[in-house]
Amino acid sequence: TMSSRECAICHQWSTMVRSLPNLKMVERRTEWLKRLNLSWQDEEVREAEFRAIQEQGTRRVFWCFRHFTNSNDPYPIDLRLTPNEQVPPLDDARRGDTQDVLPMPARIKRKEEDKNPTGT
C-alpha cells in the first residue's frame with residue numbers, strides 16, 4: 001500500500017502525490033515554482049525551503065493531486081493569469097489589497113520602486 005505524504009504547498013495529507021523535480025532539473029523545477037504565482041520574494045523563500053529539504057539527500061518534496069489538472073499532466077496547474085508573466089498572488093487579491101488590482105505597468109513600476117526606494 002502507498003503511504004500518505006504531506007503536501008509541501010497546502011499541507012494536506014494524501015497518497016496521490018508527485019515529487020518536486022530534483023535539484024539537477026533546474027528548468028522543470030523553476031516552472032513548477034512559477035506556476036504557484038508567488039511574488040518573486042516568496043518564490044525565492046519556497047525554493048530555499050525545498051532546496052534545504054532535498055539537500056538532506058533522503059527527503060523529497062511532495063505536492064498533492066490538488067495542484068494538478070490530471071494524473072497525466074507533468075506540470076502543476078498554472079495559477080498565473082498570463083503564463084510567463086509575474087502577477088499578484090491570489091491571496092493578496094482576496095484580502096482586498098487595492099494595489100494589486102492596478103494595471104500591469106503601474107504594478108511593474110511599483111515593484112521597481114520597491115527594489116530601489118531611493119530612486120537612484
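**Helix pair and pocket**

A: Helices α1 and α2 cross in a right-handed way, the near helix being turned clockwise from the far one by less than a right angle. Helices here are DSSP runs of H or I with at least four residues, strands are E runs of at least two, and both are numbered from the N terminus. This is a predicted model, where local features need pLDDT of at least 70, side-chain atom pairs need 80 or more, and totals for chains, interfaces and linings use all residues. Residues count from 1 along each chain as its sequence is written, and side-chain values use heavy atoms, without hydrogens and water.

Q: At what angle do the axes of α1 and α2 cross?

A: Axes are lines fitted to C-alpha atoms over the stretch in contact, with angles from 0 to 180 degrees between N-to-C directions. For α1 (residues 26-34) and α2 (residues 40-55), they cross at roughly 130 degrees and come within 10 Å.

Q: Which residues make the contact?

A: Contact means heavy atoms within 4.5 Å. From α1 come R29, L33 and K34, and from α2 come E43, R46, E47, F50, R51 and Q54.

Q: Which element gives the most to the lining of the second largest pocket?

A: That is α2, with 3 residues. The lining has 14 residues, with E6, A8, I53, R59 and R60 nearest the centre.

Terms used:
1 Å grid on protein atoms, 1.4 Å probe; cavity = no way out; pocket = protein on both sides within 12 Å on 5 of 7 lines; lining within 4 Å.
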